[in-house]
Amino acid sequence: MEIVVDWVQAHLGFLPPQVLVAICSMIPLVELRGGIPLARLLMLPLWQAVLFAVIGNIIPIPFILLFIERIFNWLRPTKLFGGIVRKLEARALSKSEGIQRAEFMGLTLFVGIPLPGTGGWTGALAASLLKIDIRKASLAILLGIAIAATIMSLISYGVFQM
């Protein structure tokens, strides 16, 4: 983990650690599952780790819920991005069985349990593709992010310390 901190400080050291945590938490697949441990490595207090990781994780969600379907429809026919769009859709839909069964709770748990391939980005993409009501999806994703933040905080700062 020292290598990660060294690389971050060498290449992005001009940014405050809070901004680094927020940026890390915006990245698909990494999200706050990487942001909170990064905050710990950067010696941020727990409250700042959670605050900036959650903010960073939430920022892309409304854009995904509102615009991803239009963007995919625009990109799907292109040679350059068509394959990528189809893979993203297939991946999101393959992980969406639990979401379809118990829409609200399924989406909340999908986002909240910090496993690879789950999280706010994939949850928002699946919700959009499954045409889940945007208010219901937003609330479920926010609750899921809160659950994931709690779990990652316990792992990084608390009882289950690495």
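Which helices each supply at least two residues of the nonpolar patch? They are α4 (46-58) and α5 (60-75). The legends below cover this patch and other views of the predicted model.

**View 1. The overall fold is helical, with ten helices and zero strands in the protein chain.** From the N terminus on, the order is α-α-α-α-α-α-α-α-α-α. The radius of gyration is 16 Å, close to the 15 Å from the globule rule for 162 residues, so the chain is as compact as a globular protein of that length. Along the principal axes, the C-alpha atoms fill a box of roughly 45 × 35 × 25 Å. Buried residues account for 41% of the 162 residues.

**View 2. A nonpolar patch lies on the surface.** Its members are Trp47, Leu51, Ile55, Ile59, Phe63, Leu66, Phe67, Ile71 and Ile134. Together they have about 830 Å² of accessible area. Helix α5 gives the largest share, four residues. Ile71 lies in α5. Ile71 has a relative accessible area of 38%, so it counts as partly exposed.

**View 3. Lys131 and Glu69 form a salt bridge.** The closest N and O atoms are 2.5 Å apart. Lys131 sits in the loop between α9 (120-129) and α10 (134-157), and Glu69 in helix α5, so the pair ties together parts 62 residues apart in sequence. Lys131 is exposed, at 57% relative accessibility. Glu69 is partly exposed, at 32%.

**View 4. Glu89 and Arg76 form a salt bridge.** Here the closest N and O atoms are 2.4 Å apart. The pair links distant parts of the chain, 13 residues apart. Glu89 belongs to helix α6 (residues 82-94), and Arg76 to the loop between α5 and α6. Glu89 is buried, because its relative accessibility is 13% and the cut-off is under 20%. Arg76 is partly exposed, with a relative accessible area of 26%.

**View 5. Asp133 and Arg135 form a salt bridge.** The closest N and O atoms are 3.6 Å apart. Asp133 is partly exposed, at 37% relative accessibility. Arg135 is exposed, at 64%. The structure holds four salt bridges, this pair being one of them.

**View 6. Arg40 places its charged end over the ring of Tyr157.** The distance to the ring centre is 5.2 Å. How many aromatic pairs does the structure hold? The count is zero.

Note on methods: Residues are numbered from 1 along each chain as its sequence is written. This is a predicted model: local features need pLDDT of at least 70, side-chain atom pairs count only at pLDDT 80 or more; totals for chains, interfaces and linings use all residues. Side-chain values use heavy atoms; hydrogens and water are left out. Rings of Phe, Tyr and Trp (its six-membered ring) pair if their centres lie within 6.5 Å; planes under 30 degrees apart count as stacked, over 60 as edge-to-face and the rest as tilted. A charge sits over a ring if NZ of Lys or CZ of Arg is within 6 Å of the ring centre and within 35 degrees of the ring normal. Patches are made of residues with over 30% relative accessible area and no salt bridge: like charges are joined within 9 Å, nonpolar side chains (Val, Leu, Ile, Met, Phe, Trp, Tyr) within 5 Å. Accessible areas come from the Shrake-Rupley method with a 1.4 Å probe; for residues, only the protein chains shown count as cover. A salt bridge is a side-chain nitrogen of Lys or Arg within 4 Å of a carboxyl oxygen of Asp or Glu. Buried means under 20% relative accessible area, exposed over 50%, partly exposed in between (1.4 Å probe, protein chains only). The radius of gyration is taken over C-alpha atoms; the globule rule is 2.2 Å times the number of residues to the power 0.38.
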